2 protein chains.
Amino acid sequence: MERGITTQGPVNGKLAGELARLLSPDQICTIGPELRDALQDGTGNRGIIGHAEALVLPADAGEVSLTLAWCYEKGVPVTVRGGGTGLAGGAVPDGGVVLSLERLDRVRSIDPELWRMEVEAGVRTATIHRLALENGLLFPPDPGASEQSTIGGNIATNAGGPHAFRYGVTGSWVTGIEAVVPPGEILVSGGPLRKNVAGLDLTDLMIGSEGTLGIVTSAWLRLVPAPAERGVVVGFYPDSNSGCDAIGLIMGSGIEPAALEFLDRGTLESSIGSFPATAPNAAGFAVIAETDGTATEVDRVAAELEEAMTEGALTAPVRITDHVAIRDFWAWRDGVSIAVTAQRGGKISEDVVVPLESLAEAIEETVAIGERHGLPGCSWGHAGDGNLHSSFLVDLSDEEQMSRGNEAAAEIFEMAIRLGGSISGEHGIGSLKTAHVEEALGPVAVRLQAEIKRVFDPKLLLNPGKKIPRR
Amino acid sequence: MERGITTQGPVNGKLAGELARLLSPDQICTIGPELRDALQDGTGNRGIIGHAEALVLPADAGEVSLTLAWCYEKGVPVTVRGGGTGLAGGAVPDGGVVLSLERLDRVRSIDPELWRMEVEAGVRTATIHRLALENGLLFPPDPGASEQSTIGGNIATNAGGPHAFRYGVTGSWVTGIEAVVPPGEILVSGGPLRKNVAGLDLTDLMIGSEGTLGIVTSAWLRLVPAPAERGVVVGFYPDSNSGCDAIGLIMGSGIEPAALEFLDRGTLESSIGSFPATAPNAAGFAVIAETDGTATEVDRVAAELEEAMTEGALTAPVRITDHVAIRDFWAWRDGVSIAVTAQRGGKISEDVVVPLESLAEAIEETVAIGERHGLPGCSWGHAGDGNLHSSFLVDLSDEEQMSRGNEAAAEIFEMAIRLGGSISGEHGIGSLKTAHVEEALGPVAVRLQAEIKRVFDPKLLLNPGKKIPRR
C-alpha cells in the first residue's frame, strides 16, 4: 500500500468501477504517483500529506455534477483540487475523493473590446495573464506560483498578491461564476455583467470558500486596459521602524502605488544575494513600491516615490524601469519565499493581516516570537495591505523543532487577532488554521457561517473540517 | 386615522409604551408627519406608500439590538430605513416597525494617513465625500441624491453611480461592517483591514441584502488619494447606433475612463435645455466620459477621448475641465432623472443591466416597448457598466396609464433577462421587482438565497417579502 492512499476505505472496493461507469476509466485513479501527488498541496514541505480513495478528473461541469451527485448519494467526502499550490492545506484530502479540475481548462470566451473573458476553473493563472496582455489588457491579481496555480484555486482562496494593493484581490475581478452545488445542481451566479444586485451576493460568498460550499467550474473575469509602462522603486532602511516610517510617508504623499511591499532583515539576509540590482550591505528592511501608466506618468510618480522613500534610507532608492529588469525583479521577489526556506530546508510561514498602523509591531513581534521559541523568525509581504508572511525557519526532519515552529505560528495568529487583524489575508484557512477561526471571527459569525455551510452542503461532505469550524 | 398608518395592528396598543421603556419616549413615533414620511421612499412619486405601526429611532448599535430583540420576540416585522431615497421600495414598510438609522450618524474614526474611516449607518453619503476630500482622499461611490442618502442605504442596495465604472460600486469600498442580526446579536464582519479570508464573506453577503438579513449599523470604508484634476468630454451623435459605436471605440482605445455615461434621444429632449455648455440641436444621443489624475494626465486622456469620440459625432466633442464647470455639469447630469419626470409629472423608471454588447439593443428596445404601450420611453445611465435606467413617462393620476407603464416595466425586465442581463444594476429589488427574481436568478440561486435568509432571519421578520422570494 502506498503512503497515504487508503485502500480499505468504505467505498474503495466498488469505487473505481462505479465512477468509471459514470465518467470513463481514464478519469479515475486509485493508485500511483498521480493520486499520490493529489494528496498534498504547497504545505507538502511541512510534511502535510492527506489520504484519499480516488482521484477523479471530470472534463466539464456536467461531469463535475455527475461526480458530486454520486459522492453525495454515497456519502463520500469530496476535496476539490486546483493547481495544488495552496499554503493552508485546503486541497489536502482527509479521505474520500479528490476532485481535480485540471481538465476543465478551456477559455470559453475572450472579448477584448468588452474587457472580459470567461474561463474554466482549471485554466492556469499565468495563461489568463498572457491572454489578457496579448489583447492589450490586464488581469491584475498576481498570486505567486502563477504558472501552476489555477483560476479555480485563486477563486477558492480569494488569492491576492503584490498588486492587490491598488487593484484588489481575485474576487474584485470576478463578475460571475458557474458552480456545482450539492446534490449536484449547477448554480450560475452573476455573469458577464459589471454590476448586479438582483440577488444576495452568492458569487462573493463562493469566492474564498475554499471548496466548502460548492465546486466553481468557470468564472467570468473583468479586465482593464494594460498600463504601457511600470516603474519599481526600492528603498533600503536600517530597520523596520525606519522602513515602516517610509511606508507611512508613501501613504501620506497622495500617491497610490500599484504595489507596496516590504522585506524585513531576516528575509533580506536570505534573499539579497540574488537581488538583481545594487543593494547596500546589511540593510535591515526594504520597501518596494511600483507604479504603472504611461512613460511620463511612471517617470513622475517614480520620482515622487523616490522622494517619499529617501528619508531614513541607507542609500538613494533604486529605480527599475526597464521591462526585462522589472521582470527579473519580480522573479526575484517571487523567489523570496524559496530563499527563506533554503536557510534550513523548511519553514513554517503564516499569512496574517493587521491594520496598517500595527504593521511595524507585527513585524517586530514575529522576530520576538521566533526568539522565544528558539527559531529564526522573519517576515515579508504586502505592506500596504498590512498583510505579512510571518515565518520561522525549521528543519523539517526535526520533530521537536517542528513542534516549536507550530507553537510559534499559533502565537502569530494570537498576535494578529490581538492587533485587530485576521488570521489570513490571502492563503485561506484550509486545515491548518481552522482551530483559530472562532477566536478570529467571534461566535456570531462562526454560527452564521456554519449554518450557511449546511444550506449548501447539508451532509458536510465538501472539504469537511476545513475553513468552517463545526458547531 | 392618517393614511397608511395602521392603528389596529396586532401590537399597536402596547407598542409605544413597551418600546419607550426599552429606549425613550422621544425615540418612538406612532403618528404624525414623521411617521408618514417614513412610509415611503423614492418610489413615493409612483404612489407607493406603505403602512406601519411605529417609527423607532435608536441612537446606537446597542439600541438597534434592543429594538430588534423586542421585535423578534413579539413577531413584529422590521423595515430598516436610511435616507429614504431608494428607488425600488426597499424601505417601504408593510406593517410592523420602521427602524430608522438616522440617529446613528457618528463618524467613529477617520485616519487619512491610513486611507480609511469608520462611519455609522446614518452618515450621509455627501458627508463622507466631503470628509474624504478635506483630507485629500476620495470615497468614489457616487449614487444620486448623496445629500440625502446614507451610507447604510448605499450598503443595503450596494449602490453604484457614474464613477462605479472605474472605481466599482459601494461594496468595493467597504472592508468591514457591524450589524445587528436576529435575535439581536451584534455581528462584526471584517474591519479596518484591506484583505481578509478568515471566514466566508459575510460582509459582501450583507452588502446589497436590502435589510433582509440584518441591520448594518456601521462600516469601515476604504479611501484613495483624490485625483487633483478631472476632465469631462461629451460627444453628441445622431442616434443610439452611432453613439454606441463611440462607446465601443472608447473601450477599444486603451483608455480606462473614470465614468462612461449615455443619454438617449428622449432623455436629451427632456434635459438638454439646461445643459451647461454648447450642445448641437436635435442630437439623438450623448456619450459622457470623464478622466481624472494630474492636470497633465487629464489633458492627455481627454485628448485621446476626444479622438475616440469624434467619429460619427455631430460636432466636435465638448471638453470641460474647469472645477466649477465640472461641478455644474454633474449637477445637470444628476438632474436628468428629474427633467425626464417633469415631462408628464411622473415616470416609471427601471434599472436593468445588460452585457455591454447588448446596450444598443436595450436602448432601442426601451423605446419600442414604450411605443407598444403608448408611452414615451427613454433611457440613460452608466454605459460602460451596461446599466440603463429605462423609463416611461406617465401621468401619475391616470390609473390606466400607470397600468400600461407597469406592463412596459415588466417587459423591460424580460428584455434584460433575455439579453443575458439582470433586473437591477444598482437600485435593488425592494418590493417592486421581487416577482421577477426567480426568472432572473434561476431556481438554484433562489433556493439557496431563501435558505440563507432563514439562517439569518428564521422568523422572516426583516423586510418581509422584499428582495428574496419565499419558497
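This is a predicted model: local features need pLDDT of at least 70, side-chain atom pairs count only at pLDDT 80 or more; totals for chains, interfaces and linings use all residues.

**Confidence.** I made a note about residues 1–10 of chain A, where pLDDT stays under 50. For that stretch the model has 25 contacts beyond four places in sequence. I also wrote down the overall scores, ipTM 0.96 and pTM 0.96.

**The two copies.** Next I asked myself what rotation superposes chain A on chain B. I found 180°, with 0.0 Å of shift along the axis and an RMSD of 0.0 Å. The two copies are thus related as by a two-fold rotation axis. Both copies use the same surface, as 100% of the contact residues of chain A recur in chain B.

**Domains.** I then listed the domain assignment of chain A: domain 1 (10–100), domain 2 (107–224), domain 3 (229–337) and domain 4 (343–428). Taken over C-alpha atoms, the centres of domain 1 of chain A and domain 3 of chain A are 42 Å apart.

**An open sheet.** In chain A I traced 4 strands forming an open sheet with mixed pairing, in the order β1-β2-β4-β3. Which strands stand at the edges? They are β1 (28–29) and β3 (78–81) of chain A; each has a single partner strand, so one side of each is left without a neighbour in the sheet. I followed β2 (residues 54–56) of chain A to β4 (residues 97–100) of chain A and counted 3 bridges in the parallel sense. Here A:Val56 has A:Leu99 of β4(A) as its bridge partner. Helix α3 (residues 61–74) of chain A packs on this sheet and touches β2, β3 and β4 of chain A. The direction of helix α3 makes about 165° with that of β4(A).

**Strand β8.** Is strand β8 (residues 174–181) of chain A buried or exposed? I found 8 of its 8 residues buried, so β8 of chain A is largely enclosed by the rest of the structure. β8(A) pairs in the antiparallel sense with β10 (residues 215–222) of chain A, over 6 bridges. β8(A) also pairs with β9 (residues 185–190) of chain A, again antiparallel and over 6 bridges. I liked A:Ala179 as a landmark: its bridge partner in β10(A) is A:Val216, and in β9(A) A:Leu187 stands opposite A:Ala179. My last stop was the hairpin of β8(A) and β9(A), with 3 residues between the strands, where A:Gly184 takes a positive phi near 130°.

Technical notes. Residues are numbered from 1 along each chain as its sequence is written. Chains are lettered from A and ligands numbered from 1 in the order in which they are written. Side-chain values use heavy atoms; hydrogens and water are left out. Copies are superposed by least squares on the C-alpha atoms of residues with pLDDT of at least 70 in both. Contact means heavy atoms within 4.5 Å. pLDDT is the predictor's confidence in each residue, from 0 to 100. Domain bounds come from an automatic or database domain assignment. Two strands pair if DSSP finds at least two bridges between them. Helices (H or I, at least four residues) and strands (E, at least two) are DSSP runs, numbered from the N terminus. Axes are lines fitted to C-alpha atoms, for helices over the stretch in contact, and angles run from 0 to 180 degrees between N-to-C directions. Buried means under 20% relative accessible area, exposed over 50%, partly exposed in between (1.4 Å probe, protein chains only).
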